[in-house]
Amino acid sequence: MSAPYDVITMGRIGVDLYPLRIGVPLAQVETFGKFLGGSATNVAVASARLGRRAAVISRTGQDAFGEYVHQALGEFEVDDRWVTGVERYPTPVTFCEVFPPDDFPLYFYRQPKAPDLEIHPHELDFDAIRSARIFWMTGTGLCVEPSRSATFAALEARAKSGITVFDLDWRPMFWPERPAPTADPAGTSPPTDPTPTAPTGAGPDTPDPRELYARALRHATVAVGNLDECEVAVGERDPEAAARALLAAGVELAVVKQGPKGVLALHRDGTRAEVPPVPVEVVNGLGAGDAFGGALCHGLLAGWELERLMRYANAAGALVAGRLACSSAMPYDSEVAEVLAAGRVPEQDTGSLR
């Protein structure tokens, strides 16, 4: 058996088509750049850029974009042995608009169904999943079957061995909604929930996202998410309350991303770190969280203390926020070190993108 992987991620994969001009509506864009995409895939790429042996579990269509995905994974030195083809669904494509500093609409083309949601439990290499130093899974993997069962099978196989990261990754557009409740025969309306939550599954017997997230949290050792994602997972938006709720749900380390307020991390042993964001002239914020994730994996494997870990991950995320692409923009360790030394991300020349 080969040596264990440092990082195995499981989840979305596809192709990002990003405009080569910023501040322009998609309808007016004439040229696009083609990049490897998908959150779990980008985390694997970010880990590999930082010197870690990484692999991704996912599926593509059996088409030209699927071929491109394998080619790109090879160029990024991410193992693609568990990226398999699905004949009946096309490889997903994602477009975005780029309006810095904080407006980056995404357009997902994942219909009728994305191949990365067709991962089946029987296809998984449980020995590799168990032995990986870090296993990274996402909330999107829980949205439908068979991906949901495969994700839980992988988590159960891990049995909290090593580091198991749950990227809360809330994408409501991927979750089929239940039919809206109707009035009863007496003509009265059903009671209204005073605290609206996320859309639920495809039918009345499908668990809602919070139930599925709670189940996954019991198997994870680390949870990572922004405030919206924390609210879906544990019903809390206050960063401190959300972190404590994640710990209570079963993880050992809770990482709550607060956007312009930085990041808060709480460990079950009482260690706490709250660090501000790294100053950056934002070009495209879409890949920052994935760079943060890859850097988080790198620092966890290195055994860094919590504040150093958060500062490093913040710097990696800021670097990618200052660049147009996601996967190809993932930083090397030397670049992160330069940002940490300077205290900010050097301004990029974006004149050709305007």
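This dialogue goes through several features of one predicted model.

Visitor: How many helices and strands does the protein have?

Guide: Helices (H or I, at least four residues) and strands (E, at least two) are DSSP runs, numbered from the N terminus. The protein has ten helices and 14 strands.

Visitor: What share of the residues is buried?

Guide: Buried means under 20% relative accessible area, exposed over 50%, and partly exposed in between, with a 1.4 Å probe and protein chains only. Of the 354 residues in the protein, 56% are buried.

Visitor: What part of the contacts comes from residues 24 or more positions apart?

Guide: A contact means heavy atoms within 4.5 Å. Among contacts in the protein with a separation of 6 or more, 71% are between residues 24 or more positions apart.

Visitor: How many salt bridges are there in the whole structure?

Guide: A salt bridge is a side-chain nitrogen of Lys or Arg within 4 Å of a carboxyl oxygen of Asp or Glu. Searching the whole structure gives 17 salt bridges. One of them joins Asp 169 to Arg 12, with 3.0 Å between the closest N and O atoms. This pair links distant parts of the chain, 157 residues apart: Asp 169 is in the loop between strand 10 (163–167) and helix 5 (209–217), and Arg 12 is in the loop between strand 1 (7–10) and strand 2 (14–19). Both Asp 169 and Arg 12 are buried.

Visitor: Which other residue forms a salt bridge with Asp 169?

Guide: Arg 171 does, the closest N and O atoms being 3.6 Å apart. Asp 169 counts as buried because its relative accessible area is 3%, whereas Arg 171, at 25%, is partly exposed.

Visitor: Where do Glu 307 and Arg 311 lie relative to each other?

Guide: They are four residues apart in helix 9 (residues 306–321), so about one helical turn separates Glu 307 from Arg 311. Their side chains meet in a salt bridge, at 2.9 Å from N to O. Glu 307 is partly exposed, with a relative accessible area of 35%, and Arg 311 is partly exposed at 37%. Elsewhere, salt bridges that share partners join Glu 240, Arg 244, Arg 272 and Glu 274 into one network.

Visitor: Is Leu 266 buried or exposed?

Guide: Leu 266 is buried, because its relative accessibility is 4%. Leu 266 belongs to strand 13 (residues 263–267). Leaving aside neighbours within four places in sequence, Leu 266 has contacts that include Glu 240, Arg 244 and Arg 272.

Visitor: Which residues does Asn 314 touch?

Guide: Not counting residues up to four places away in sequence, Asn 314 touches Val 263, Val 275, Pro 276, Pro 277, Val 278 and Phe 292. Asn 314 is in helix 9 and counts as buried, at 12% relative accessibility.

Visitor: What is the strand order in the open sheet of four strands?

Guide: Two strands pair if DSSP finds at least two bridges between them. The order in this open sheet is 3-2-7-8, and the pairing is mixed. Strand 3 (32–37) and strand 8 (106–109) are the edge strands, each pairing on one side only. From one strand to the next, the twist averages 25 degrees. Strand 2 pairs with strand 7 (residues 93–96) in the parallel sense over three bridges, and Asp 16 has Thr 94 in strand 7 as its bridge partner.

Visitor: Which strands does helix 2 lie across?

Guide: Axes are lines fitted to C-alpha atoms, for helices over the stretch in contact, and angles run from 0 to 180 degrees between N-to-C directions. Helix 2 (residues 64–75) lies across strand 2, strand 3 and strand 7, at about 70 degrees to strand 3.

Visitor: At what angle do helix 6 and helix 7 cross?

Guide: Two packed helices are described by the angle between their axes and the distance between the axes. For helix 6 (residues 227–234) and helix 7 (residues 239–249), the axes come within 10 Å and cross at roughly 45 degrees. Angles under 35 degrees count as roughly parallel, over 145 as roughly antiparallel, 65 to 115 as roughly perpendicular and the rest as oblique. Helix 6 and helix 7 are therefore oblique to each other. The contact is made by Leu 227, Cys 230 and Val 234 of helix 6 with Pro 239, Ala 242, Ala 245 and Leu 246 of helix 7.

How values were computed: Residues numbered from 1 in each chain as written. Predicted model: local features only at pLDDT ≥ 70, side-chain atom pairs only at ≥ 80, totals over all residues. Heavy atoms only, no water.
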